[in-house]
Amino acid sequence: MNQKRFAVASFVLALILVFQACKDKEITAENAATITSLNCSSATFSASATSGASFTATSSVPYTGGNGASYAEGTAIASTGVTGLTATLSAGTLADGNGTASFVITGTPASAGTANFSIDLGGQTCTLALPVTASKASVATLTGTVNPTTGTNGVAYTGTVTITYTGGNGGAYDVSTASSTGVEGLTATLAAGTLANGSGTLVYNIAGTPTSTGTAVFNLSLGGQTCTVSVAISASSTASTAKDTVVITYSGTSASVSNAFQNDGVTVTTSGADITVKSTNTSKEIVYLLSGTATKGSFKIYSEYKFNITLKGVSITNSAGPAINIQSSKKATINVVGTNTLVDGTTYATSSEDQKGTLFGEGQLSFMGTGTLNVTGNNKHAIVSDDYIYVSEANIVIKSAASDGIHANDYFAMDNGSVTVTAATSNGIEAEEGYVAINGGVVTINSVNDGITASYEGTDATITPYVLIKGGKITVTTTGDKGNAIKSESYTTIGRTDAVTLTVSGKGSKGIKTGGDCTITSGTVKITTSGAAYYDTADADIAAPAGINCDKNLAIKGGTLTVTSTGTGAKGISVDGTATVSGGTTTISATGTKYTYNTANTSEAKGFKSDGAFVMNNGELNIAATDDGLKSETSITINDGTLIITKATEGIESKTITFAGGLTNVTASNDGINASMGTTTGGTSSNDGSNVFIKGGIIIVAGSDGIDSNGNITITGGTTIVGGPTSSPEEGVDVNGSFLINGGVVISGGSNARMTKAMSTSSTQVSMYITSSAQLASSSLLRVEDASGKEMVTFKPKNANYYFHFSNPSLAKGSQYKIYFGGTYTGGSYVGNSSGWGLYTGGTYSNTGATLKSTTTTSSSATVNTIAF
């Protein structure tokens with residue numbers, strides 16, 4: 001029985017340990033603070049603001065749907081409307097449900113009116129509006145006459161400063177407050193009062209606790225003038241060591257230690273400036289405070305419980321190994337205070353333990369604090385963990401790294417702060433067997449290989465190596481061949497971010513490379529590639545650069561995406577699966593020349609290429625490309641939105657092309673719209689089964705063949721406007737199969753050489769196939785009107801044309817129509833806002849100077865009418 005009880009107890013204990021271990025990994029992007037709404041309209045302010053007067057106040061902003069997660073202090077948000085103020089989110093913890101968040105507002109309002117702050121919290125945004133009243137007080141000068149007394153770091157301070165003014169107007173003034181800068185933690189407050197008429201004095205009360213040594217500076221503003229006052233803050237001479245802290249102070253090649261836990265399981269040994277800590281204490285998260293300078297030293301720790309390393313102005317250089325070597329699988333919280341520097345050696349002393357970089361951790365590394373950590377990785381990685389790395393704040397600067405700047409075995413997550421990486425030989429940030437999630441902060445990377453990468457290539461199905469960017473400002477520059485600014489072996493998602501700027505210059509490099517889906521939901525993404533395509537002998541294939549290269553499906557749902565690819569054979573966007581555009585503004589430029597390795601291996605500069613179906617449901621897509629503008633190996637469907645192709649050889653190309661809505665405007669040097677099964681090359685008149693369907697929307701297209709289908713063309717709705725060539729052996733509309741017009745408005749002009757095919761006689765809507773022995777000049781007009789003079793069409797061709805297709809639901813059988821060449825059209829505009837040519841609407845036509853080319857009566861039985869003159 002005792003054995004059974006022991007077994008049960010052991011099992012329960014094991015579950016508790018597993019649960020506790022899992023809790024240590026709860027700092028993930030998925031557990032970031034989230035709310036369902038942020039209500040700026042119900043915000044309150046702790047003080048009133050007056051123009052020209054120093055202001056410090058707290059705004060309490062209600063929210064709903066909090067998830068109970070903590071959040072870090074935000075970055076300062078500058079005011080608009082009334083300028084001169086900033087709002088900063090105070091760190092806190094969300095309620096489970098409804099609550100309020102605090103924003104500290106400081107500065108001096110530049111004028112009366114409303115100061116607006118675009119604030120955000122937990123995935124929600126709103127505009128915080130602070131009323132600013134006009135000041136009734138004005139002065140000519142402000143001068144500090146009595147300096148405040150000196151303060152002490154960490155000690156509560158009270159004092160006063162007296163300000164003299166001249167030119168007072170006798171106006172009343174409200175309470176005015178100013179927060180200290182430089183040394184923070186102090187506030188200067190002026191009580192409400194009334195100015196004298198002329199000269200007088202103002203007394204500001206200063207209170208608070210200085211957070212550091214140095215100089216606390218106050219910019220005191222009132223009545224349109226500003227005076228600067230300083231308070232010197234000295235170091236405390238009586239400061240004692242905190243009870244929960246082991247203090248280590250480096251000095252050249254030696255170090256001193258104050259161990260508050262020497263009787264509680266913490267042993268600290270010193271060899272010169274090499275510090276080794278062994279802790280068996282499992283009851284408290286001990287703080288190890290490191291300061292001073294070690295020219296030849298290190299910090300190494302073994303701990304059976306999670307701990308905190310506070311870096312407070314420390315500089316450690318270790319020529320024989322890591323500067324900080326954490327041989328503990330427990331979570332290490334790295335608190336960065338002031339400016340700190342870590343440098344490792346080019347070669348390491350032989351060790352049976354892992355020591356993969358300058359700051360190495362066997363367990364989780366969690367960075368916090370407002371200071372700066374400079375790291376140089378001479379041997380391998382700069383910062384590396386065999387578990388995860390999380391940055392809640394702090395400024396991390398990787399000066400250089402022999403391998404990755406930051407390398408996590410599991411995941412890398414970031415909510416705030418800044419990370420700057422220079423990796424001259426490898427990757428910027430790599431998650432080897434996990435994901436990268438960035439929710440905020442600033443990330444700047446200069447690398448040779450991948451900038452940000454979730455690189456797992458194993459077979460464990462429980463690992464999803466994705467990149468998720470939900471916020472922050474991201475700037476990545478890579479220079480190596482086949483280097484990727486952002487790479488994931490699974491999916492990549494970008495949404496609600498300040499700006500993502502990706503610049504790649506190596507041969508075969510990509511801005512975004514995904515092994516799975518790629519989704520862009522919001523934010524501003526700018527991708528520039530300048531490298532050229534090349535033949536990779538190891539892969540026996542061409543490595544072509546691309547702004548985005550997606551192995552599965554691409555979805556653009558919002559935001560602003562700009563892709564510029566200038567290298568030989570470089571593509572704008574290349575997708576192996578399906579591509580869907582449903583929002584946002586996407587602009588693609590692929591201007592490189594064709595890359596040729598041999599006749600069987602080439603790469604063209606295409607704008608947007610998808611092996612699967614391409615669907616556009618909304619948004620705006622702008623393309624300029626040397627080769628194809630938009631190409632799908634499967635099908636292209638435009639349901640809505642705006643598609644503009646300003647330059648291409650083939651504008652839109654696929655097996656099946658469907659227009660159901662939106663605006664499409666294409667200019668191409670060859671076919672504007674080309675439907676082809678891709679089974680034949682060269683001139684052929686056989687029907688290959690491909691299709692162009694026009695069901696709705698506005699289609700404006702110009703090319704040597706405006707619309708070319710190796711199969712069929714079926715038009716049932718929408719407005720189709722085609723500008724063909726002047727005299728080249730090409731056509732406005734070229735079709736091998738059936739050409740059915742069963743609805744919609746169609747006007748097409750083409751040359752005289754091969755454009756000889758009328759609409760199919762089985763078309764159900766009345767149409768005209770007009771042929772002229774003399775060209776209609778591009779400066780002239782084609783006008784068709786009924787016997788009463790009602791406009792059927794007024795068309796200005798793009799080029800001088802001989803042949804025209806025209807159909808309109810208003811055309812009727814057995815009715816008389818007049819066809820003019822010339823005349824004038826005043827007012828109105830072109831349908832679809834085409835430039836310089838197209839279908840006129842909304843104006844007035846005059847046939848003065850026009851030639852009546854034909855007065856014709858349509859067939860009373862047939863729908864297709866061939867009219868020649």
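How many bridges join strand S79 to strand S83? The count is 2, and the two strands, residues 791-796 and residues 838-846, run antiparallel. Strands here are DSSP runs (E, at least two residues), numbered from the N terminus. Two strands pair if DSSP finds at least two bridges between them.

The model is predicted, so local features need pLDDT of at least 70 and side-chain atom pairs count only at pLDDT 80 or more, while totals for chains, interfaces and linings use all residues. Residues are numbered from 1 along each chain as its sequence is written, and side-chain values use heavy atoms, with hydrogens and water left out.

Strands S79 and S83 belong to an open sheet of 6 strands. The order is S82-S83-S79-S78-S81-S84, and the pairing is antiparallel. Strand S82 (824-830) and strand S84 (851-857) stand at the edges. Each has a single partner strand, so one side of each is left without a neighbour in the sheet. From one strand to the next, the twist averages 30°. Axes for such angles are lines fitted to C-alpha atoms, for helices over the stretch in contact, and angles run from 0 to 180 degrees between N-to-C directions.

The cysteines come next. A disulfide is a covalent bond between the sulfur atoms of two cysteines. The criterion is a pair of cysteine sulfur atoms within 2.5 Å. The whole structure contains 1 disulfide. Cysteine 40 and cysteine 126 form the link, with an S to S distance of 1.9 Å. The link is right-handed, with 65° about the S-S bond. It ties together distant parts of the chain, 86 residues apart. Cysteine 40 lies in the loop between strand S1 (37-38) and strand S2 (44-45), whereas cysteine 126 lies in strand S12 (residues 124-133). Both cysteine 40 and cysteine 126 are buried; buried means under 20% relative accessible area, exposed over 50%, partly exposed in between (1.4 Å probe, protein chains only).

Cysteine 518 is buried, at a relative accessible area of 0%.

The largest nonpolar core holds 121 residues. A core is a set of buried Ala, Val, Leu, Ile, Met, Phe, Trp, Tyr and Cys residues joined through side-chain atoms within 4.5 Å. Tyr250, Phe299, Phe367 and Phe608 touch the most other members. Another core, of 29 residues, lies apart from it and includes Ala57 and Ile119.

Technical notes
Helix = DSSP H or I, 4+ residues; strand = E, 2+ residues; numbered from the N terminus.
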